[in-house]
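Look over the sequence and the three-dimensional view before you start. Then work through the exercises in order, checking each step against the view.

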Amino acid sequence: MSRKHPVVAITGSSGAGTTSVTRTFQEIFRREGINAAIVEGDSFHRYDRGQMQAAMAEAEADLNLHFSHFGPEANLLTELESLFRDYGQSGVGLVRKYLHDETEAKPYGLEPGTFTPWEELAPGSDLLFYEGLHGAAVTGTVDVARYADLLVGVVPIVNLEWIQKVIRDKTERGYSSEAVIDTILRRMPDYVKYICPQFSRTYVNFQRVPTVDTSNPFTARSIPTADESFVVIRFADPKVIDFPYLLSMLHDSFMSRPNCIVVPGGKMDLAMQLIFTPLILRLMDKRPGPRA
């Protein structure tokens, strides 16, 4: 952890909604004049799109039916740990970008599904902001979580997570229902072993819970809306949270446990603004010297 160069990490599985949370943080950074170095977790996958397909085929030939991006073998967790550590020490580190589609790839003259070359982060940023699968990852040889100053988990209940993934992959990526289900099943062992434990290391968890029937997520025709859900927000250290203030600002909210507040789904963005703005400013205030 670093006072001079803080690291903020948002962790959650594919389809959990981490991208929406990232937009809220970006709004906080813009409003408060904070220069954040943004890093996407996909850039620390070990293989590009074509290589991953080949690696999966090779794993299946070896009767490994659970090889996925959720596990350490398909990721560069040592390099991610080094980035968090190096940034905390010096404010720089090695990064690259994964090019998801033609729009992202065109400015670099590269193919979609590939990576840009590794390069040093530009010096002078106020903090590092990571969003991806492994922001709080710990294995037998790697401890990414130890170098983060603020860890946030985004984890809807599993049926909702599956609904979001199925509908996104079918509508945006053209996958069949069967292909999406196969992916979910292939990832399940690594989800249990490597993704779930991260949410016990986070400082704050946001878990969206629908108030509509999601019994069979694989036949759902639409994603439950924010107004059709509540959000359970759990704090690892509730002593520093002003719950009376949050309850007064977030109408129709209530405390479910001493460290949990439940807010209407439509107020999730406001809740994040109220919770994270002071936390981010506290990290900035701890930095030595005047703010840029």
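The model is predicted, so local features need pLDDT of at least 70 and side-chain atom pairs count only at pLDDT 80 or more, while totals for chains, interfaces and linings use all residues. Residues are numbered from 1 along each chain as its sequence is written, and side-chain values use heavy atoms, with hydrogens and water left out.

**Exercise 1.** Describe how strand β8 is covered and which strands it is joined to.

*Solution.* Five of its five residues are buried, where buried means under 20% relative accessible area with a 1.4 Å probe and protein chains only. Next, take the directions: Leu150, Val152 and Val154 point one way from β8, and Leu151 and Gly153 point the other way. Finally, follow the bridges (two strands pair if DSSP finds at least two between them): four join β8 to β1 in parallel, with leucine 150 as the partner of valine 8, and three join β8 to β9, also parallel, with phenylalanine 206 as the partner of valine 154.

**Exercise 2.** Find which helix gives the most residues to the lining of the largest cavity.

*Solution.* First, note the volume of the largest cavity, about 100 Å³. Its lining includes Ser13, Phe70, Trp162 and Tyr191. The elements that give two or more residues to this lining are α5 (158-172) and α6 (177-195). Of these, α6 gives the most, with five residues.

Methods
Buried means under 20% relative accessible area, exposed over 50%, partly exposed in between (1.4 Å probe, protein chains only). On a 1 Å grid over the protein atoms alone, a cavity is a set of points where a 1.4 Å probe fits but cannot get out, and a pocket is an open set with protein on both sides within 12 Å along at least five of seven lines; lining residues have an atom within 4 Å of a point. Grid points are joined across faces, edges and corners, and a volume is the space filled by probe spheres set on the points.
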